[in-house]
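This note is meant for a colleague who is opening the structure for the first time. The points below may be read alongside the sequence and the model.

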Amino acid sequence: MTNAVAAWCASVGGWTVNLPDQKAALEAIETSAESGAGFSVFTLNLDHLVKLRTNASFREAYRNATFVTADGAPVARIIRFRYPNFTRTTGADLVLPLAAMCANANFPIFLFGTSPSVLASAGERLSNHTNGELKIVGRMSPPQDFDPLGKAADEAIEQIKSSGARICFVALGAPKQEIFAARAVSQGVNAGFICIGAGLDFLASAQIRAPKSFQKMGIEWLWRLGSNPKRFAFRYFQCALLLVRLMFTERILRVSES
């Protein structure tokens with residue numbers, strides 16, 4: 001993992017988180033965007049940790065990630081055992097602050113992923129949030145069967161590169177968005193690829209995010225499970241099993257260090 005800007009790091013399940021809070025994330029992204037280099041921002045959660053165990057391309061993308069925050073409340077909770085001041089930073093929570101930063105710094109942005117209607121609505125919301133000062137230089141919604149390692153990905157990467165965007169919000173969901181971001185950076189695109197999952201869908205009200213009370217308690221998963229049990233039940237079962245293992249490992253490590 002490249003770590004030229006971040007000077008802090010923790011590890012969960014063998015994977016590094018190197019941004020301790022939202023302030024650090026915004027500062028690292030702005031500094032990297034100003035440098036003109038390509039970089040990526042991933043947001044680690046339990047679902048990612050489950051997928052990392054079986055998906056080699058996903059693992060390779062994470063190994064080459066520039067910055068990683070803790071998106072999931074359980075991941076953040078494990079880190080706080082060692083770093084009490086650590087706070088989670090979700091992809092969705094980065095969208096509006098980054099849009100304001102890009103508007104102030106005159107960084108053009110590109111919106112990639114989700115659906116055309118969501119991109120249009122989210123783009124309008126971002127423009128309104130920045131009083132029309134944000135420069136959106138491109139929008140692209142790939143098909144559902146989009147292969148982040150295929151020819152269509154290379155064509156999309158070339159379009160993003162040609163647009164002159166300094167920041168690209170990637171809203172494909174894991175692991176596609178991270179694999180795509182890593183591929184774009186490896187091909188020399190001088191932009192920051194911020195993986196935000198459903199961040200644009202939330203912004204466009206195409207999906208309803210859990211209420212603030214659920215977010216503060218770290219139980220957004222319960223809201224999602226209740227809204228779509230068929231989709232999320234097995235995923236969260238796998239996450240729960242992994243969480244038990246991670247908590248047990250952390251407890252053993254703390255006992256051995258005491």
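In what order do the 6 strands of the open sheet lie, and in which sense do they pair?

1. The order is 4-3-8-7-5-6, and the pairing in this open sheet of 6 strands is parallel. Strand 4 and strand 6 each have a single partner strand and stand at the edges, so one side of each lacks a neighbour in the sheet. On average, neighbouring strands of the sheet are turned by 15° against each other, direction ignored. Strands are DSSP runs of E with at least two residues and helices are runs of H or I with at least four, numbered from the N terminus; two strands pair if DSSP finds at least two bridges between them.

2. On the basis of the values: this is a predicted model, in which local features need pLDDT of at least 70 and side-chain atom pairs count only at pLDDT 80 or more, while totals for chains, interfaces and linings use all residues. Residues are numbered from 1 along each chain as its sequence is written, and side-chain values use heavy atoms, with hydrogens and water left out.

3. Strand 3 (residues 39–44) is largely enclosed by the rest of the structure, because 6 of its 6 residues are buried (under 20% relative accessible area with a 1.4 Å probe, protein chains only). In a regular strand, side chains alternate between the two faces of the sheet. Here Phe39, Val41 and Thr43 are buried on one side, and Ser40, Phe42 and Leu44 are buried on the other.

4. Strand 3 is joined to strand 4 (residues 67–70) by 4 bridges, in parallel. Val41 has Phe67 as its bridge partner in strand 4, and Thr43 has Thr69. With strand 8 (residues 192–195), strand 3 pairs in the parallel sense over 3 bridges; there, Ile194 is the bridge partner of Val41.

5. Strand 5 (residues 109–113) and strand 6 (residues 136–140) run parallel and are joined by 4 bridges. Between them the chain passes through helix 6 (residues 116–129), and this β-α-β crossover is right-handed (with the strands pointing away from the viewer, the path from the first strand over the helix to the second runs clockwise).

6. For the second largest pocket, helix 12 (229–257) is among the elements that each supply at least two lining residues, as are strand 1 (10–12) and helix 4 (73–80). Helix 12 gives the most, with 6 residues.

How values were computed:
Buried < 20%, exposed > 50% of the residue type's maximum accessible area, 1.4 Å probe, protein only. Axes fitted to C-alpha atoms, helices over the stretch in contact; angles between N-to-C directions.
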